[in-house]
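Student: I would like to go through the secondary structure packing of this model. Please take me through it in questions and answers.

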Amino acid sequence: MKYYWTCYLPSYPKVILYMLQNSEYRVGDFLHWYYRTRDFRKVMKRRQLIWTAKVKLLGLVELLIILAVLTVAWLSVSLSIWLSILILLLMPIILVYAIVIPLWAGRALIQRPKEKRMIAKATAKLDKHPAKKIAIVGSYGKTTTREILKTVLVEEFKVAATPGNMNTPIGTSRFVDTLDGDEDVLLFELGESTIGDVRELCEIIQPDLGIITGINEAHLESFGSVENTISTIFELKDFIDDSHIYKNSDSRLVRDNTIKDDPKSYSKKGVAGWCVDRVDVSLEGTKFTLSKGKKSIIATSKLVGEHLVGVLSLAAAVADDFGLTTKEIESGLKNTQPFEHRMQPYKLHGAWIIDDTYNGNREGVEAAIRLLDQLDAKRKVYVTPGLVEQGNRKQEVHENIGKLLAGVADVVVLMQNSTTQFIQRGLESAGFKGELQIIDNPVKFYTHLEHFVAEGDIIMLQNDWPDFYE
Amino acid sequence: MSKKETIAVFFGGVSPEHDISIVTAISSVIRPLELDGRYQVLPIYISKKGIWYSDSSFKKIETFSGGGISELLDKLKPVSVTFDGGLTIEKPGLKRSKIKVGIAFPAMHGGNGEDGSLMGLLRMANIPFVGCDMPASVIAMDKLLAKQVAEANGTPVVKYEYLYADAFAEKPDKIIGELEKSLEYPLFVKPTHLGSSIGISRVSNRKELQNGIEVALYYDNKVLVEEAVPNLVEVTVPIIGNEVMMPALVERPLINDNNVFDFDTKYMNSGKKSGGKHGSQGYSELPAKLPGKLYEASIDIARSVYKAAECEGIARVDLLIDSKSNTIYFNEINPMPGSLYSHNWRKSGISNVELVAKLIELARQRYEKHKKLEKTFSTNFLKQF
């Protein structure tokens with residue numbers, strides 16, 4: 001209640017619009033965030049409100065609601081001054097619920113029927129499309145897998161892949177609408193956050209080949225349990241024969257749910273009879289050899305990290321299956337580049353910065369710490385706000401991150417939030433002897449990074465913490 | 001939550017290096033201090049008229065680069081200072097506030113700031129402050145005195161003479177004649193108290209010498225005239241530390257067409273020549289490509305002079321090398337290097353944030369050490385009156 005007065009600041013209606021926009025107009029997420037927020041002055045920290053047509057319309061609705069509430073409060077004075085005061089006191093909450101109603105109504109009456117029509121059209125179009133359709137599913141690593149496969153397969157084929165995060169039924173349908181119809185390979189990234197999500201997408205796509213990139217506790221809050229995550233991801237099996245599903249056995253939860261010696265398992269050791277050898281990881285890239293019988297592929301990639309050997313091998317194996325020559329595969333692998341904000345190294349004042357700021361999962365964090373361990377540096381710095389959506393494993397996951405970091409990093413920089421104490425505890429329990437910095441203004445830190453670095457440093461930036469999680 | 005300690009950053013000042021001081025303070029001191037997050041930063045800007053102001057807008061370079069500083073100063077009221085067993089800054093205005101300064105960070109270049117006067121004031125206030133103490137600042141900011149200290153320390157210096165304004169005004173020809181008798185052209189003429197190479201000229205004949213002296217006397221009452229070093233390689237060694245010293249990399253700055261590492265070359269021509277590193281000090285070779293022994297010897301000489309002049313906190317020692325005879329001469333000490341020479345420290349493995357943190361730690365160490373010394377002595381002397 002201490003900060004309730006901040007609901008009466010002139011910026012409050014704008015903050016509500018900002019929160020709606022940043023929770024992608026999902027009413028549940030928005031209300032969750034709203035009720036967690038105490039001080040509304042501190043909400044708009046990371047981004048700016050973008051004045052889209054939707055925001056402008058909602059802004060107008062807000063204005064009308066405020067005017068209506070003020071009018072009612074004024075008219076109520078004649079009945080009871082206390083009633084007027086009560087209405088004024090409740091005005092911020094009335095505003096929030098009243099703004100949600102047109103959103104909900106718009107969704108139910110206009111958006112839903114429109115989406116259904118789009119999905120039906122996409123399903124019909126894909127049914128007739130002659131391309132090989134590959135479905136990429138998993139809690140993490142989907143985008144990386146999609147991009148590597150695309151880069152290798154374009155050496156020979158016309159390939160189209162779902163862009164950005166168009167991984168929902170409606171996003172996929174929009175993507176299908178853009179297809180020319182003469183593509184050879186279609187790559188679909190499947191988003192999943194509740195039971196049935198993979199099934200719903202597979203019904204649209206009808207995939208020929210599947211890839212399970214990894215399973216972890218992501219979206220645990222919406223799934224309810226890891227078992228639900230696993231069963232959702234394996235919904236893929238209802239649409240594709242198991243012998244056509246590649247599974248990343250570097251992921252423990254995938255491995256545990258796969259038969260032993262599954263020929264379609266892939267890992268940093270190899271895939272489908274291809275064996276990995278002579279792995280060399282540096283900030284310049286990753287090198288290794290793949291061999292199967294008499295065939296040998298020298299894999300060189302600008303991608304950084306041992307954890308990518310598995311997926312690079314997978315891309316080579318799929319390309320080989322699809323008939324690409326060794327030369328084409330090697331050339332395709334060579335073209336793979338670090339993706340923006342994912343283990344992307346660059347130099348700053350003589351220091352190496354590894355931008356891994358889109359990495360928001362436990363496996364990614366472990367891979368990043370492993371990479372930091374493998375590299376030589378005058379000072380190894382790990383920067384993290386922790387991980388979101390870890391459900392009841394939040395404490396365990398973050399203590400473990402602290403323990404892993406203790407033996408690797410010279411400096412650990414934590415962005416102050418609810419996970420900080422757990423990482424700190426993990427560091428302490430593992431006898432961390434380095435320097436610990438706790439930053440309360442992450443934006444300031446990231447925008448003035450040049451003041452924190454020096455020659456010979458390696459700074460690993462792990463971060464994927466939208467402000468509505470706190 | 002405990003209240004953060006206040007660090008007062010002093011900058012600007014009545015000095016030709018006023019503008020450089022603003023850049024040093026904002027980019028290399030205030031910003032890293034704020035990023036460090038442990039301190040409340042209080043900017044104290046000393047105008048060109050010598051008036052002290054404090055305003056949160058002084059933390060941004062735009063306040064000074066935008067051209068509206070005079071108008072802003074007209075609106076602001078000067079701060080007042082109280083010596084209350086420490087140092088308290090009082091900001092006037094409607095929201096009158098008194099701020100107790102925990103530590104001072106002088107980021108001043110040139111007269112009335114870098115020359116020991118501000119350090120004297122902070123000593124009187126009995127608070128810890130960053131950088132060289134008063135005696136070292138006095139020595140460092142007098143090129144002649146610094147040379148004499150280095151000479152007494154057994155460090156080679158180039159052959160030099162000096163003159164005063166009054167004497168020169170009376171008998172210029174006699175003085176020039178004596179200089180010509182004692183020294184050999186080419187010569188360097190330098191005002192003794194200015195930094196950032198302001199007012200320095202290289203002269204090769206009597207006419208140029210006379211002009212050079214007149215230019216130098218425009219800035220200072222005491223002028224140093226010294227022989228140029230043949231086959232010159234000029235290097236500079238930034239050092240931090242009190243008793244325990246920590247040198248950064250030996251750096252070879254750009255020299256202009258007149259063989260002078262002057263103001264424009266240092267601060268205005270950044271990046272105009274190809275190659276090398278563009279630090280805050282323009283073009284330089286970092287680390288300097290010197291034969292192994294010369295590199296190490298430069299560091300040894302710099303450390304030796306730093307110690308002899310009783311420098312503490314931070315300073316930069318400039319050296320002149322005759323690359324044929326491999327002789328290293330001490331040139332001068334800069335007790336508050338422009339931008340703290342942060343580009344060099346960063347290359348040496350110390351980030352801006354770490355650098356200011358180390359300097360504050362050094363300031364605290366010195367303060368604690370001084371505090372232990374007995375400063376008063378009880379006598380019955382007054383009883384006789």
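**Helix and strand packing**

Tutor: Helix α9 (residues 206–219) of chain B lies across β9, β10 and β11 of chain B and runs at about 15° to β9(B). Residues are numbered from 1 along each chain as its sequence is written, while chains are lettered from A and ligands numbered from 1 in the order in which they are written. The model is predicted: local features need pLDDT of at least 70, side-chain atom pairs count only at pLDDT 80 or more, and totals for chains, interfaces and linings use all residues.

Student: What are the edge strands of the open sheet in chain B?

Tutor: The sheet has 4 strands in the order β8-β11-β9-β10, with antiparallel pairing. Strands here are DSSP runs (E, at least two residues), helices are H or I runs of at least four, and both are numbered from the N terminus; two strands pair if DSSP finds at least two bridges between them. Pairing on one side only marks the edge strands, β8 (160–164) and β10 (201–203).

Student: Which residue in β11(B) stands opposite B:Phe188?

Tutor: Strand β9 (residues 187–191) and strand β11 (residues 222–227) of chain B run antiparallel and are joined by 5 bridges. The residue opposite B:Phe188 is B:Glu226.

Student: Is α5(A) parallel or oblique to α11(A)?

Tutor: The axes of α5 (residues 142–153) and α11 (residues 309–321) of chain A come within 9 Å and cross at roughly 40°. Axes are lines fitted to C-alpha atoms, for helices over the stretch in contact, and angles run from 0 to 180 degrees between N-to-C directions. Angles under 35 degrees count as roughly parallel, over 145 as roughly antiparallel, 65 to 115 as roughly perpendicular and the rest as oblique. α5(A) is therefore, relative to α11(A), oblique.

Student: How many nonpolar residues does the contact of α5(A) with α11(A) have?

Tutor: Contact requires C-beta atoms, placed from the backbone, within 7 Å. Among the residues that meet are A:Ile148 and A:Leu149 in α5(A) and A:Val311 and A:Leu312 in α11(A). Ala, Val, Leu, Ile, Met, Phe, Trp, Tyr, Cys and Pro count as nonpolar, Asp, Glu, Lys and Arg as charged, and the others, Gly among them, as polar. By class there are 2 polar residues, no charged ones, and the nonpolar count is 9.

Student: How many charged residues are in the contact of α13(A) with α14(A)?

Tutor: The axes of α13 (residues 362–374) and α14 (residues 394–406) of chain A come within 10 Å and cross at roughly 10°, so these helices are roughly parallel to each other. The α13(A) side of the contact includes A:Arg362 and A:Glu366. Besides 6 nonpolar and no polar residues, the charged count is 2.

Terms used. Contact = placed C-beta atoms within 7 Å.
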